[in-house]
Amino acid sequence: MALDFTLTEEQEFFRQTVRDTVNRLIMPKVAELDEKEEFPWDLWKEFAGLGYLGLRHEEKYGGMAMDKVSQMIFYEELARGSCGFAMSVIMQILMGTFFIARFGNEDIKQRILVPAIKGEKIGTICFTEDQSGSDLGGTRTLATKVDGGWRINGRKQWITNGPIADFSTVMATVDPKLGLKGLNFFLVEKKTPERDGFAPGQRLHKLGSRCSVTGELVYDNVFVPDENFLGAEVGKGVQYAGEILNEVRVMTAMNALAIAKGAMDDAKQYANNRIAFGNPISKYQLIREKFAKFWAWYEASWTYAYKCAWMIQNQVPCINECMLAKYHATEMCMYAVEEAMRIYGGNAFCSEYPPQRYWRDAKFLLYGGGTHEVLCDYLGRIYLKD
Ligand SMILES: Cc1cc2nc3c(=O)[nH]c(=O)nc-3n(C[C@H](O)[C@H](O)[C@H](O)COP(=O)(O)OP(=O)(O)OC[C@H]3O[C@@H](n4cnc5c(N)ncnc54)[C@H](O)[C@@H]3O)c2cc1C
């Protein structure tokens, strides 16, 4: 009897606690957060105060050091509220602080990680450039070795939390000709009168997830000391990035599950109340089929995503599985948000009703953690090889 998908009592309790917090603090403001397109500092402080920003970090730095399944529960419950706020919080918990916790020396951890967990400093991860997104080997941001440190030159775009960031983990190449083998991570702080650093560039205005602020960061010949090189060896950046990709992909699946369920739960209310041809539209078979299909795909996505969370926790190799989980949950979510739009009829097309927000928020999932074309290309190759 080894196959067991039950959560522990602690995990169930944690889910309920996060759900209550999201219901109390985020749910009443969901539409406003989307409309205002501003970073919600009040919510940020509340979540930091509750300790959630330290979810995956060691207790000695102020973290909670929770297991991977609980971390995924948090990502799922949080995205059930505001997808934009979830993006900002998850950036801080996961990608924005991972390399600092993994490779930073004690001084860096005290100076950057501890305040990041308290919500006092905001972090980012910076891969994307104008000519390199999926193709990291095309990175042009250059790291040049100099006496006592490195000089960083380049521009990064599409950076979540970029416009409000205090520090960044930036991917830079020691030589663009080396492609993936030239890549490395560096800690670069924001420029101040006392310190060299990055400057925020243009802010982007997004289709969805609008309360997470996103923009460009500019590295203009920035000097960083040797200890800001985040790695054990030059040229191993892609390998280090691989250490977190499984988590990023399953986290994205969790966000997809949350958005899909939110969209279809709202659509259920609507379908039960909207009268057409003398009946609630939920009485019509073509409408019911949408819910049946969604339910089948949702349950499969949910179970598989949590299986992957369990595999990560138990250090079972699962690169392909995590890609499949991200792909399946995200495609399921695209189906759900599209069908929710149809169930609302013309009302879907105005901001007074929620399905357009779910639809806009969901589109982001297609890019983070690998675009579907890139994932499918890889998965297809692997499947055909076996
Ligand atoms: C809301 C949001 C937040 C983001 N936050 C961050 C962040 O914090 N930090 C960061 O570094 N980046 C961030 N990004 C950028 C994101 O990581 C990139 O969008 C993603 O890596 C894809 O790159 P791209 O947009 O340049 O698309 P491209 O790589 O240019 O792809 C364009 C199209 O070509 C397809 N394609 C590319 N290569 C192949 C191939 N080999 N085979 C088949 N098809 C292919 C893609 O699937 C896509 O359809 C964010 C993006 C969004 C939308």
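When residues are sorted by class here, Ala, Val, Leu, Ile, Met, Phe, Trp, Tyr, Cys and Pro count as nonpolar, Asp, Glu, Lys and Arg count as charged, and the others, Gly among them, count as polar. Keep that sorting in mind for the tour below, and keep in mind too that this is a predicted model.

Let's start with the second largest pocket, which has a volume of about 310 Å³. It has 13 lining residues, and the ones closest to its centre are Asp 4, Phe 5, Thr 6, Tyr 306 and Trp 310. Helix α9 supplies the largest share of this lining, with four residues. Sorted by class, the lining of the second largest pocket comes out as eight nonpolar, three polar and two charged residues.

Now stay with α9 and look at its partner. Helix α9 covers residues 285-313 and helix α10 covers residues 319-343; their axes come within 9 Å and cross at roughly 155°. An angle over 145 degrees counts as roughly antiparallel, and α9 and α10 are therefore roughly antiparallel to each other. The crossing of α9 past α10 is left-handed. Where α9 and α10 touch, the contact has 19 nonpolar, two polar and six charged residues.

By class, the lining of the largest pocket has 25 nonpolar, 16 polar and eight charged residues.

What about enclosed space? The count comes to two cavities of 30 Å³ or more. The largest cavity has a volume of about 50 Å³. Among the residues lining it are Val 30, Leu 33, Asp 34, Cys 83, Arg 210, Arg 357 and Asp 361. Helices α2, α5 and α11 each supply at least two residues of this lining, and α2 has the largest share, three residues.

By class, the lining of the second largest cavity has five nonpolar, one polar and two charged residues.

Glu 37 sits in the loop between α2 (30-36) and α3 (41-49), and has a positive phi of about 60° although it is not a glycine. Is Glu 37 buried or exposed? Buried means under 20% relative accessible area, so Glu 37, at 14% relative accessibility, counts as buried. Phe 277 is found in the loop between β9 (275-276) and β10 (279-280). Its phi is near 55°, a positive value in a residue other than glycine. The cut-off for exposed is over 50%, so Phe 277, with a relative accessible area of 80%, is exposed.

Methods. Residues numbered from 1 in each chain as written. Predicted model: local features only at pLDDT ≥ 70, side-chain atom pairs only at ≥ 80, totals over all residues. Heavy atoms only, no water. Axes fitted to C-alpha atoms, helices over the stretch in contact; angles between N-to-C directions. Parallel < 35°, antiparallel > 145°, perpendicular 65-115°, else oblique. Left-handed = near helix turned anticlockwise from the far one by under 90°. Buried < 20%, exposed > 50% of the residue type's maximum accessible area, 1.4 Å probe, protein only. 1 Å grid on protein atoms, 1.4 Å probe; cavity = no way out; pocket = protein on both sides within 12 Å on 5 of 7 lines; lining within 4 Å. Points joined across faces, edges and corners; volume = space filled by probe spheres on them.
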